[in-house]
Every structure is written in C-alpha cells, then in structure tokens.
Amino acid sequence: MLEILVVIAIIGIIAAFALPSALTFVKGYRLHADASAIAAQLNVTRFRSTSQYKPYRLSFDVSASSTARQRLATNYASPQTEETQFLQRGIRFLATCPVSAKPGSIGSSVTAASSAIYFNTRGLPVDSTGTTYNNNVIYLANDNDLYDAVTVSLGGKVTIWNYNQTTSAWVSR
C-alpha cells in the first residue's frame with residue numbers, strides 16, 4: 001500500500017509541473033486555430049464575391065469577439081449577414097498592433113486593425129468605397145499575450161502571422 005501511495009505522489013508531482021505547460025500549449029493552439037479560421041473565412045468571403053458577382057465583406061466585432069460574412073449592394077452598402085462565427089474562449093481581437101513591428105507588407109503608418117475587410121466582384125481587397133486597399137490586417141491575442149495576425153495582400157492572398165517574442169518579428173505560418 002505504501003508503494004502505491006509513493007507512486008501516486010510522484011505522479012501528482014509530475015502532473016503539477018506539466019499542467020502549466022499543457023495549459024499554455026492549449027491556449028496557443030486556440031489562438032492559432034482562430035487565426036486559421038479567420039483566414040479560411042476571408043478566403044470564403046473572397047470566393048463568394050467572385051462567384052456571386054457581388055461585393056462582400058468580413059466584419060469584425062471586437063466587443064462580441066465575432067466575425068460576420070456580409071453580402072453588400074453594388075455601392076458597398078446594405079450589408080446582409082450570411083454567417084456569424086465567434087472566437088474561442090480566451091481569444092480576443094486587438095484594435096491596434098500590440099508591438100512596434102508590423103506583419104508582412106502592412107505599412108508602419110497603419111496603426112489600427114481593420115474593422116472589416118471588403119472584396120470587390122473580382123475578389124480584390126478594397127476599402128468601403130471600392131478603391132483597392134493593401135493594408136488589411138487583423139490582430140488576435142490570447143490570455144498569455146501571444147499574438148497572431150491575419151493579412152490580406154493587394155492580390156487577395158491571405159497570410160497568417162505569428163509574433164516571435166524572442167526575435168521581435170512576425171513570422172509567416
């Protein structure tokens with residue numbers, strides 16, 4: 001009986017050391033999964049705009065931690081929501097870049113994250129007036145202050161970025 005108690009105590013000690021690392025891993029996994037989900041939603045939104053020959057946007061609600069894919073009228077108004085998705089628990093949108101470096105081709109003068117990313121009928125990213133726009137970026141963070149970003153290039157390529165704290169740089173995934 002004493003041997004069993006010693007084994008249980010050893011397992012408990014090992015679990016106590018492993019649990020914080022496991023929780024950090026799970027939080028990082030959730031962050032990366034949400035960044036991938038947003039990238040997928042952006043691609044679907046882009047393809048919908050070309051296949052439906054209608055402008056679309058993916059809007060981001062920071063307070064509700066949700067995204068909404070919306071079909072727009074030809075003048076980029078009158079949004080009709082087709083689908084809404086929510087971020088996982090512990091993941092949040094950031095209104096601004098959390099660090100001094102910017103991911104990809106995002107200009108250093110761009111301080112705010114996009115509140116919505118618009119696509120014209122050819123699947124190109126545009127602003128709310130239909131003018132092509134290259135500084136589309138969404139920032140995500142988790143409870144451990146790990147950061148991911150999702151960018152859309154001028155040609156419509158969606159890229160996911162992870163912030164590497166040791167090198168102070170954004171790394172493409």
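**Close-up 1. Arg 69 and its salt-bridge partners in the predicted model.** Arg 69 has a relative accessibility of 7% and therefore counts as buried, in a model that is predicted. A salt bridge joins Arg 69 to Glu 83, with 2.7 Å between the closest N and O atoms. This pair links distant parts of the chain, since Arg 69 belongs to strand E2 and Glu 83 to strand E3, 14 residues apart. Glu 83 is partly exposed, at 29% relative accessibility.

**Close-up 2. The salt bridge between Glu 82 and Arg 69.** The closest N and O atoms of Glu 82 and Arg 69 are 3.5 Å apart. Here too distant parts of the chain are linked: Glu 82 lies in strand E3 (residues 80–86) and Arg 69 in strand E2 (residues 66–71), 13 residues apart. Glu 82 has a relative accessible area of 31% and is partly exposed.

**Close-up 3. The salt bridge between Arg 92 and Asp 145.** In this pair the closest N and O atoms are 3.4 Å apart. Arg 92 is in strand E4 (residues 91–94), whereas Asp 145 is in the loop between strand E7 (136–142) and strand E8 (147–152); the two residues are 53 residues apart and link distant parts of the chain. Both are partly exposed, Arg 92 with a relative accessible area of 31% and Asp 145 at 37% relative accessibility.

Close-up 4. The model has a count of five salt bridges.

Definitions and conventions: Residues numbered from 1 in each chain as written. Predicted model: local features only at pLDDT ≥ 70, side-chain atom pairs only at ≥ 80, totals over all residues. Heavy atoms only, no water. Salt bridge = Lys/Arg side-chain N within 4 Å of Asp/Glu carboxyl O. Helix = DSSP H or I, 4+ residues; strand = E, 2+ residues; numbered from the N terminus. Buried < 20%, exposed > 50% of the residue type's maximum accessible area, 1.4 Å probe, protein only.
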